[in-house]
Amino acid sequence: SAYNRIFKRCLDFIIALIAIIVLLPIILLFSLSVLIDSGFPVFYTPLRGGYNGKPFKIIKYRTMVKDADKIGGGTTALNDPRITKIGSILRKVKADEIVQIFNVLIGTMSFVGPRPELLQYTEQYTQEESVILKVRPGITDYSSLEFINLDEIVGGENADEMYEKYVLKKKNQLRVKYAEEVSLKTDFIILIKTVWCVLRKFVRLFEG
């Protein structure tokens, strides 16, 4: 649709530019916290499957020990020992993903769109699932809301196996659902629901 190809990108760029200016103090504060807690690098930039199948580097705060992907699987387990102290806090409120607004600014991501997946999974997409790559990956979507507490679902052992067995197929179904329904109305509803879920996580964090 014209919205997906043109208008959505224009909206993303304008909102991302404003968001970066407004959130810059928070971004700097989180960056400093990660640096003090576990040193460099502050950011984690793994490859993910992107728009039209082109791989890109997604930007996240590094919430695990250095080279965590070399000493464990790609899926974060419940109470994963690789997670740092600051990383644990950032993850609980999804703040580790705030710097993805830079991905949105440069056009590799959108605010709303299918959550980008590991290349080992996107390369196995079926013909039906390939529609996922026809829209820009996003910071949030239906699957983000459904699996907002993913670590609790995959548990503390064999996280990759549990993810592939019980989560991946359902996530892909929700990604396809978004790709087929992409519209301004859909994006607005998902954004509102995401803000609500994140606020609830903040409340639970402080209550805990």
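This is a predicted model: local features need pLDDT of at least 70, side-chain atom pairs count only at pLDDT 80 or more; totals for chains, interfaces and linings use all residues.
**A chat about the fold**

Biologist: Hi! What radius of gyration does the protein chain have, and what would a compact globule have?
Modeller: The protein chain has 17 Å, which agrees with the value near 17 Å for a compact globule of 208 residues. The radius is taken over C-alpha atoms, and the globule rule is 2.2 Å times the number of residues to the power 0.38.

Biologist: Great. How many helices and strands are there?
Modeller: Eight helices and six strands; these are DSSP runs numbered from the N terminus, with helices (H or I) of at least four residues and strands (E) of at least two. Along the sequence the pattern reads α-β-β-β-β-α-α-β-α-β-α-α-α-α.

Biologist: And how much of the chain is buried?
Modeller: 46% of the 208 residues. Buried means under 20% relative accessible area, exposed over 50%, and partly exposed in between (1.4 Å probe, protein chains only).

Biologist: Which residues touch the most other members of the largest nonpolar core?
Modeller: Tyr61, Ile101, Phe111 and Tyr178, in a core of 41 residues. Helix H7 (159-181) is among the elements giving two or more residues to this core, and H7 has the largest share, seven residues. Such a core is a set of buried Ala, Val, Leu, Ile, Met, Phe, Trp, Tyr and Cys residues joined through side-chain atoms within 4.5 Å.

Biologist: What does Phe111 touch?
Modeller: Leaving aside residues up to four places away in sequence, its partners include Asp12, Ile15, Ile101 and Ile139. Contact means heavy atoms within 4.5 Å.

Biologist: New topic: where is the cis peptide bond?
Modeller: Between Phe40 and Pro41, with omega about -10°. Pro41 sits in the loop between H1 and strand S1 (43-44).

Biologist: Which loop holds Lys94, and what is its phi?
Modeller: Lys94 is in the loop between helix H2 (85-92) and H3, and its phi is positive, about 60°, although Lys94 is not a glycine. Most residues other than glycine have a negative phi.

Biologist: Is Asn158 buried or exposed?
Modeller: Asn158 is exposed, because its relative accessible area is 53%. Asn158 also has a positive phi, about 50°, and lies in the loop between helix H6 (150-154) and H7.

Conventions:
Residues are numbered from 1 along each chain as its sequence is written. Side-chain values use heavy atoms; hydrogens and water are left out.
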